[in-house]
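Hi,

Here is the model I said I'd pass on.

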Amino acid sequence: MKLKYNAPTILTYAFTCFFVMIITVYLLPDLIYNWFMVPGRQDFSPLNLRNWVSLFTHVIGHSGWSHLGRNFSIILLVGPMLEENHGSVPLLIMIAITSVITGILNVIFFNTALMGASGVAFMMILLASFTNFSRGEIPLTFLLVLVLYLGDQILSSFGTSNISHFAHIAGGFCGSLFGFFHPPKK
């Protein structure tokens, strides 16, 4: 038996996040805060290149090992199936679009910074519910996942925590749109 790099986009993404976390924990403690976190509305400067880069890279930085583990337990579970069904490059594009959308919405609406792959995880959860999608149909699995996952995030957003429920909702919305407009290849 040999190991197979079966989902190159997902595995490269996971290893990149893991590597950034190791470097941050053991060598450069400010790395995540400087390059892998989108500043909030008050701190975002359009003249700062790092702020623009972070719109893409905030989905690589995580606040700690448990944050990284929670996000990638979902991404590593669902991602390889999505990569097989949609292709490596289209899935990478979906991750990048979700990153930019959640980052921009955070800058527009919130004063707090944003980091982590939660929006990407929720994008994948909703996208996965379209696995057996046919044009002209709305999968019942999509509606159930929408109610369960996004309904929970909407309700949780009324509590107090440092979790960006809005990024989860935005990521889920992205996954829903990708599912409708970019169905899996047959």
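So, how many helices and how many strands does the secondary structure of the protein chain come to? It comes to 8 helices and 0 strands, where helices (H or I, at least four residues) and strands (E, at least two) are DSSP runs numbered from the N terminus. In sequence order the pattern reads α-α-α-α-α-α-α-α. The radius of gyration is 16 Å, close to the 16 Å from the globule rule for 186 residues, so the chain is as compact as a globular protein of that length. That radius is taken over C-alpha atoms, and the rule is 2.2 Å times the number of residues to the power 0.38.

Before going further, a word on the ground rules. This is a predicted model, so local features need pLDDT of at least 70 and side-chain atom pairs count only at pLDDT 80 or more, while totals for chains, interfaces and linings use all residues. Residues are numbered from 1 along each chain as its sequence is written, and side-chain values use heavy atoms, with hydrogens and water left out.

Overall picture: the C-alpha trace spans about 45 × 45 × 30 Å along its principal axes. Of the 186 residues, 46% count as buried (under 20% relative accessible area, with exposed over 50% and partly exposed in between; 1.4 Å probe, protein chains only). Among contacts with a separation of 6 or more, 75% are between residues 24 or more positions apart, contact meaning heavy atoms within 4.5 Å.

Now for the helices. Helix α6 (residues 118–128) is mostly covered, with 11 of its 11 residues buried. The buried residues of α6 include F122, M123 and M124.

In helix α5 (residues 88–109) I'd point you to S99. S99 counts as buried, at 1% relative accessibility. Setting aside neighbours within four places in sequence, S99 is in contact with L55, F56, T57, H58 and V59.

Last, the cysteines. A search of the whole structure turns up 0 disulfides, a disulfide being a pair of cysteine sulfur atoms within 2.5 Å. C17 is in none, and the nearest cysteine sulfur, that of C174, is 17 Å away.

Cheers
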